[in-house]
Structures are given as C-alpha cells and as structure tokens.
Amino acid sequence: WQLVAELVTRNGIEGVELPVTDGFVLGWMRAPRPDRRLADILAADPFLEVLAPKLFEVDGAGQHLAWSASTGMPPAASWPLALAALAADGRLPRAVLLDRCLGRLLRGGRPTELRGFLLLHQALDPDLEEVAAGARDYSRLLADGHAGVARAAQRALRRLDDAGRLEPDLLVEASRAVLFRPERTLVRTQLSWLDAAARRHPDQVGRLL
C-alpha cells in the first residue's frame, strides 16, 4: 500500500486509476495518521472519494471501524464518527454512505465485522425520511439479520411506526419472521410493539393479532 500510494502521489493522482484491492484499501485505512481529528485529515486525503466506498466491500474494514471507535480510543480517531462528519459537511455523499451501510449489513458476516458498520449507521443517525426510504431493507434486517443488527432495525422501524409512517403490511410481514427468532428480547419487544400498534389502529386489530 505505502509504496503504491507514494508513487501515485508523487506522479499526481489526476488521471490515475487507483488500485482498489483489499490490501490497498485496508492499508489506507490502517495507515498511521497525525494526532489530529480524523475527519479533518480524511477531508484533505486525495484518495478519499475513490476508497471510501470500497470500505463496504473489503473484509476487515468493519473490524477496523469498530476498533477505532472502541473504549479507550479518542472520539477524534473514530472512523464511524469521521465518515459521518464528512457526510454532514458534504465531503462524502450521505445517501450513498447510508445505502452502502445497509447493504453491507444485509450481506451479514461475523459479529465483529458487522459491529463497525452498526457503529457507522449509529453515527449517521438516519432521520425518518431516510428510514422510510430504506424501510424494506430494515424489515429484511429485522427478520434475518444478526441479533445486534436486528435490534437496530427494530428500533428504526419502531420510530417510523410511532411517527405514523410505517405501512401496517410491512409491520405484519416483519413480525411474522421476528416471532420465530430465538432471541427472547427481540420477540418480547415485537409483541409489545404489535400491542401498541393494535391500540393505535383499531381497524387493523385482526391482522395484527
């Protein structure tokens, strides 16, 4: 990574097709950086636009996201917080980051890998419009995702429902799958949610029951 990065930088990045191998992307992520706010450093990084979208495709990127945001690490060094800040500043396209984050969670994988993308999703803090746009994806994550991923999807969809923005059909569809999951907390939360939804929508009581 370092040799290729130096060659590209010295010869000018314009018109150069960067390698996007797993090793190059991970090398870029893990490279030592000055002890400053990571978002400021990345904002000036010439490789940012090309390599940032690749983080969602490379095995090991999620672990690094999680490690950088772990207890004992300064918040300024957190990759999830830095990427969210760059999206807020318009340096990276927020919609693309959120879409790729959901897509990576849908792919599944090891809990240690998924945790990093969950932290990024938390840092992006999607609003109701964004959750509504991805409601189908959240429903799939709630039904089939790893327990931690499913809990995050459940919270997102519950927010949407509390705001009157979730279609009853989607709630029923997701609940049918969730109630067969082995995690008791997910099941209890879903039953409580269905109870509240039935009280709010008396015309849908039969279907919700």
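Student: Which residue forms a salt bridge with Asp162, its closest N and O atoms being how many Å apart?

Tutor: To count as a salt bridge, a side-chain nitrogen of Lys or Arg must be within 4 Å of a carboxyl oxygen of Asp or Glu. Here the partner of Asp162 is Arg158, with 3.3 Å between the closest N and O atoms. This is a predicted model, in which local features need pLDDT of at least 70, side-chain atom pairs count only at pLDDT 80 or more, and totals for chains, interfaces and linings use all residues. Residues are numbered from 1 along each chain as its sequence is written, and side-chain values use heavy atoms, with hydrogens and water left out.

Student: Where do Asp162 and Arg158 both lie, and how many residues apart?

Tutor: An α-helix has 3.6 residues a turn, so residues three or four places apart point the same way. Both Asp162 and Arg158 belong to helix α11 (residues 147-162), four residues apart, or about one turn of the helix. The helices are DSSP runs of H or I with at least four residues, strands are runs of E with at least two, and both are numbered from the N terminus.

Student: In which network of salt bridges are Arg158 and Asp162 linked?

Tutor: The network consists of Arg158, Asp161, Asp162 and Arg200. One of its links joins the side chains of Asp162 and Arg200, at 3.8 Å from N to O. That pair connects distant parts of the chain, with Asp162 in helix α11 and Arg200 in helix α13 (residues 184-200), 38 residues apart. Arg200 is partly exposed, with a relative accessible area of 35%.

Student: How many salt bridges does the structure hold?

Tutor: The count is 17. Another to look at is Asp137 with Arg140, also 3.8 Å from N to O. These two sit three residues apart in helix α10 (residues 135-144), about one turn of the helix. Both are partly exposed: Asp137 has a relative accessible area of 22%, and Arg140 has 47%.

Student: Is Gln190 buried or exposed?

Tutor: Gln190 is buried, with a relative accessible area of 0%, and its place is in helix α13. To read its surroundings, look for contacts, meaning heavy atoms within 4.5 Å. Apart from neighbours within four places in sequence, Gln190 touches Leu142, Gln154, Leu171, Ser175, Val178 and Leu179.

Student: Which are the buried residues of helix α2?

Tutor: In α2 (residues 22-30) they are Phe24, Val25, Leu26, Gly27, Trp28 and Met29. These residues pack against α1 (2-11), α3 (38-43), α4 (48-51), α5 (61-68) and α6 (79-88).

Student: Which residues form a nonpolar patch on the surface?

Tutor: A patch takes residues with over 30% relative accessible area and no salt bridge, joining like charges within 9 Å and nonpolar side chains (Val, Leu, Ile, Met, Phe, Trp, Tyr) within 5 Å. In this case Leu3, Val4 and Leu7 form one, with about 280 Å² of accessible area together; such areas come from the Shrake-Rupley method with a 1.4 Å probe, and for residues only the protein chains shown count as cover. Val4 belongs to helix α1 and is partly exposed at 32%.

Student: What is phi of Asp125 near?

Tutor: Phi is near 50 degrees there, a positive value in a residue other than glycine. Asp125 lies in the loop between α8 (111-124) and α9 (128-133), and counts as exposed at 53% relative accessibility.

Student: How many helices and strands are in the protein chain?

Tutor: The chain has 14 helices and zero strands. Its C-alpha trace spans about 70 × 30 × 30 Å along the principal axes, and 44% of the 209 residues count as buried. Among contacts with a separation of 6 or more, residues 24 or more positions apart account for 69%. The chain exposes about 11200 Å², of which carbon and sulfur atoms supply 53%.

Note on methods. Buried means under 20% relative accessible area, exposed over 50%, partly exposed in between (1.4 Å probe, protein chains only).
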